Amino acid sequence: MATKDLLLEIGVEEIPDWMIADGLSHLAGKVGELVAQLGGQVVMSEATPRRLAVKVSGLSEREADREELISGPPKQANPQAVEGFAKKNGITVDQLELVETAKGTYYSYRKQVAGKAAAEILSSGLPGLILGIPWPKTMLWPGKGGARFIRPIRWLLCLLGGDVVPFTINGITSGNETGGHRQLGAHRVAVTIDNYEQKLRENFVILRGEERRAKIVAGLPAGVKADAKLLDTLTNITEFPTPILGSFSADYLSLPEEVLVTVMRFHQKYFSVTDSTGKLAAQFVAVMNTSGDGDGLVKHGNERVLRARFNDARFFYDVDQQKHLPARVEDLKVVTFQAQLGSYHAKTERVVALVRELGGDDSAARAALLAKTDLTCEMVKEFTELQGIVGGLYAKAQGEPEAVATAIYDQYKPVSMEDSIPRTRDGQLLSLADKVDTLRGCFGIGLIPTGSKDPFALRRAAQGIIKILAEGELRIGLKQLAAGVDKLDEFLIERVKYYTNEIRGYAMDEVNAVLAAGADDIQDVLARLEAVKAVRASEDFEPLAASFKRMKNILDQAKFSPSGKVDAGLFEDPSEGALWKAFEAVVASSKGTGYAQTLAAMATLRPAVDLFFEKVLVNAPDMAVRANRLTLLFSLKTEFSGIAEFSEIVPKTQETHAS
Amino acid sequence: MKTYQEMIFRLKQYWAERGCIITEPYDVEVGAGTMCPETFLRVLGPDEYRVAYVQPSRRPADGRYGENPNRLYKHSQLQVILKPTPEDVIEQYLGSLEAIGIDLKKHDIKFEEDNWESPTLGAWGIGWQVMLDGMEITQFTYFQQCGGVDLDLVPAEITYGLERLCAFLQDKESVYDIQWTDAFAYGDVRLKEEQQFSVYNFEMADVPTLWKLFELHEGECQRLIDHYKGLETGKERFPVLPTYDQVLKCSNLFNLLDARGAISVTERVGVIGRVRKLAVGVAGIWVDQQYTKGEVAA
């Protein structure tokens, strides 16, 4: 049977850029499900801020015919009931047949159902499917009883081959027209499936996101490193992107680079430009949603706006310098940290004390004292994303020691798992203490994250703590940080699991094994993990780990605790003595070496252990012999239990079995 | 485009041609054109409405003693309400820019997500800030809720920032240099007001007096709301609009107290809650009254 193509385009008022990708992929997925019954496949899904478009190929014109069995009254029912059933189905009784089922025999109608036409399936399926796109925040239009969508739908283009698939959403009827670029294109343009993209292009709409992105990148001058996130945004707020280069007075370069870049990147959505030495240049790249700027008006306008923004920033900078950071500590009394946890002044006092307690020197304590004062500065009120950074810059400008300024600058690091930790020990200490204080405080008043609810970003704070401990210079135990606050210890250990498994890539059973042997000192945890990972490659390790599990079970069952040493005189089988000798040799040889050598040596015990279990019944009838054997196993197990709980190791072979 | 006032004339003319009633500014202090009863109350209920007006908007904390070229204690908004929203609302809006001399083919226009929410009014909507060559010139909002009440007909609210729009058209670096007429600059007309109100708002407003006024207006407003709720008959002649004026007074006093630094961060939420309670109360009785007067099919 001949197949057809389908083109669907939903014309919408400007969709927020960050929602487009998810909305489109949901739509394409659902369209894919709908057309699957017709043998169709989604071959294209693209979007601009004003349209979501999906193309399908290989659609049959109608579904296959099928048979449907409709059950009626039971065999013993009275004739009227049987006749009624036949009548209801528009047939006569002789067209019914008796069908036996597990429940009995019933009059049944074997109905031949003709497959629906593709157009019919699409017409009835598409409206609900379109309105079902799960946008993060929807609006109602044109009022009560209307539809909910991300923004009002203004046109619907839906073609099956050469024909319009008719349907209506909220008063908008589908047709064969798309819309051009708001300023440069025609308001409505009739298209066919084949000329759709070309017609859009003629009307200044580049349908494909990748092409818009490439157009932006191609138009960037040398010295512009397009950051991916901004590039995404610009790709998704334009239908016909064109970059232009603008400039600003070099006088503004005296302002901190961080401020200039923030204004350009986050507030104006400009790319910043660096010169050949990597220094910020007095230029920017704006991406227009239009084809050109022949008269230079757009450039002029953007330069004017940026100048005003930079003037504001300079004003804030100058005003802020009139009151130095130390004089602002007192002002923190009126800045609330959290209603029940008091002001930022109170938090500052706690963090200073904590920094001291954790081994901070005068410089770290000074940084902690001044850390939050930038919250009272105009610059941070305007550019909240620069908190901490502004404090660091101001501290330096106002003559605080470099170490203090750097620690303040880095205090929110790492802001994500990809971000680096603070550069200095003071910075690490400050960041850690700040986060620990937040966690202790919030857990103390019951603000504990549950499921996806984590309004105070406590998981991120805890994750930051683990990363700092893992990658920095501090050696502080988790128990000390949790300070007995209910549930905080477990919360931190959960984050250790996440960090070691997800971020560092250690297998989950290795993580479990190592943490079961102690989770307090993160760097020690990492050293043990590395050793376990290394020894895991040896072929003796996993069987040995399995033997450890057996030992654990035996010892657990016997509820054994040793009362003396292993007595060689009680050995009955040579394998016992051999194991004992091998074990003592390993202990002697690995004394004073690292985890890796210890585990490598341990792995060599495998043949002796295997032989032992093969030849010997641990639970010997003679109680003294039995106790001696248990003592031997106990010594063996205990010797390495500080590194990992090997019984937690899931053998790879077993893993493959399970999956 | 010649002058500030000519720009305003043209915008008013443009919207008048599209069926808008052109009214003069509301005569009680407001922080934004949205707060005027022509917007806040008219968007409620099932009646269609179209209105455009210039509204001076007072934001005491934004005052800069007339020294900052872009920030004003009192700026002017052109507020347009289209209820219900016409299907070509964005095309109409873009047409208004052409009407004041902006050649759309030569400029860059973007609609960037910007949802609006006013906790003090119990109101929110969904929309964009409209960017012209990198500058925000308009806030465009589809109202969804006002005074905590879902709207029957979703209106479009188009709010133009008149000073910055004109500074763009006249290519001025400072709003004070805008030509209001050929003979007078914006600064000639308004600079003194900016200076004096900044002095008052930041330095001289008497905090205990402001609090006393706040409580008086709050009390009067609550008294009237309670009175309405107790009415068996005569609801249709009840003065809801004067009750709403009391909300506006409270809102402005709150802004003044805030500028004066008299409201701590912890108190803030509480005071906003008090104003919101009044706004929600008035919205409720306004809707109730509309259905009571019999002009509206319930």
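The largest nonpolar core, in this predicted model, has 127 residues, and those with the most contacts inside it are A:Met264, A:Leu432, A:Leu439, A:Leu469 and A:Phe646. A nonpolar core is here a set of buried Ala, Val, Leu, Ile, Met, Phe, Trp, Tyr and Cys residues joined through side-chain atoms within 4.5 Å, where buried means under 20% relative accessible area, exposed over 50% and partly exposed in between, with a 1.4 Å probe and protein chains only. In soluble globular proteins, nonpolar side chains tend to be buried together.

Local features require pLDDT of at least 70 and side-chain atom pairs pLDDT 80 or more, while totals for chains, interfaces and linings use all residues, and side-chain values rest on heavy atoms, without hydrogens and water. Residues are numbered from 1 along each chain as its sequence is written, and chains are lettered from A in the order in which they are written.

A:Leu430 is placed in helix H15 of chain A, helices being DSSP runs (H or I) of at least four residues and strands (E) of at least two, numbered from the N terminus. A:Leu430 counts as buried because its relative accessibility is 2%. Setting aside residues up to four places away in sequence, A:Leu430 touches, with heavy atoms within 4.5 Å, a group of residues including A:Val351, A:Val355, A:Ala371 and A:Ile408. The C-alpha atoms of A:Leu430 and A:Ile408 are 7.8 Å apart, although 22 residues separate them along the chain.

Volumes are the space filled by probe spheres set on the points, which are joined across faces, edges and corners.

| Space | Volume |
|---|---|
| Second largest pocket | about 1400 Å³ |
| Largest cavity | about 140 Å³ |
| Second largest cavity | about 90 Å³ |

The second largest pocket lies between domain 3 (209-320) and domain 4 (325-476 + 492-503) of chain A, because both give residues to its lining; the domain bounds come from an automatic or database domain assignment. Helix H7 of chain A supplies the largest share of this pocket's lining, six residues.

Notes:
On a 1 Å grid over the protein atoms alone, a cavity is a set of points where a 1.4 Å probe fits but cannot get out, and a pocket is an open set with protein on both sides within 12 Å along at least five of seven lines; lining residues have an atom within 4 Å of a point.
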